[in-house]
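Have the model open as you read.

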Amino acid sequence: MEEVKALIGDIRNGKLAPVYFLMGDEPYYIDRISEFIGENVLTEEERGFNQTVLYGKDTGVDEIVGHAKRYPMMAEYQVVIVREAQHLSRTIEQLAEYAANPQASTILVICYKYKTLDRRKKLIKTLRKGESVVFESKKLYENQVADWIRRVLLGSDYRISHKASALLVEYMGTDLSRISNELDKLKLVLPKGAEITPETVEEHIGI
């Protein structure tokens, strides 16, 4: 997905947004972007004091804003990641006030999975007016998944036959996270540049 590559490229190059609102039906890209931010914005030493992970089931908007308004310790930024934020669907609009004037030294990442917010809502409008990022992660159609598998593998110097990719789609459907995990297993047992065949899939994935 080109939008994901561009977003990760910006983060890698230090072009950071104060708020990343990641929403949508496909959790794979939400996880990938939030994990990349969590692993790359701060150094390992900085994370101990400056990286906070909250969960929607166990927190509220006031607590999120309280963390976001703190200042980093011996670092340029602090990172606050809110996982499973869809559990805050009834109160998430209250973040609009913070979104209008976010803390410059905080990178706030909201992972709002399996749902989308109406773009006419105040929160989304406020985020879009500023320098924040609103990203919608859409489910792939089944006929798009085989090409997605091919592109993912090419990016890490592996190839896959048409029959093997069709076999994966047939048995795993459009669950990109599950497919990605199985592809990672295959990479562990195959040399770089190898082609994944139906036989490889059957032997190592157990289909």
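This is a predicted model: local features need pLDDT of at least 70, side-chain atom pairs count only at pLDDT 80 or more; totals for chains, interfaces and linings use all residues.

Residues are numbered from 1 along each chain as its sequence is written, and side-chain values use heavy atoms, with hydrogens and water left out.

Start with helix α1 (residues 2-12) and helix α2 (residues 27-40), whose axes come within 10 Å and cross at roughly 10°. Helices here are DSSP runs of H or I with at least four residues, strands are E runs of at least two, and both are numbered from the N terminus. The axes are lines fitted to C-alpha atoms, for helices over the stretch in contact, and angles run from 0 to 180 degrees between N-to-C directions. α1 and α2 therefore count as roughly parallel (angles under 35 degrees; over 145 is roughly antiparallel, 65 to 115 roughly perpendicular, and the rest oblique). Where they meet, α1 brings V4, L7, I8, I11 and R12, and α2 brings Y29, R32, I33, F36 and I37. That contact (heavy atoms within 4.5 Å) has 8 nonpolar, no polar and 2 charged residues. For these classes, Ala, Val, Leu, Ile, Met, Phe, Trp, Tyr, Cys and Pro are nonpolar, Asp, Glu, Lys and Arg are charged, and the others, Gly among them, are polar.

A pocket, on a 1 Å grid over the protein atoms alone, is an open set of points with protein on both sides within 12 Å along at least five of seven lines; a cavity is a set where a 1.4 Å probe fits but cannot get out, and lining residues have an atom within 4 Å of a point. Grid points are joined across faces, edges and corners, and a volume is the space filled by probe spheres set on the points.

Now for the largest pocket, at about 440 Å³. Of its 16 lining residues, Y28, R32, W148, R151 and V152 are the closest to its centre. α1, α2, α7 and α9 (176-189) each give two or more residues to this lining, and α9 gives the most, with 5. The lining splits into 6 nonpolar, 5 polar and 5 charged residues.

V19, F21, L95, Y98, A99, L108, I110, L123 and L127 line it, and the lining is 9 nonpolar, no polar and no charged.

Last stop: S137, in the loop between β5 (133-136) and α7 (142-154). S137 counts as buried because its relative accessibility is 1% (buried is under 20% relative accessible area, exposed over 50%, partly exposed in between, with a 1.4 Å probe and protein chains only). Leaving aside neighbours within four places in sequence, S137 is in contact with M23, G24, D25, E26, Y29 and I30.
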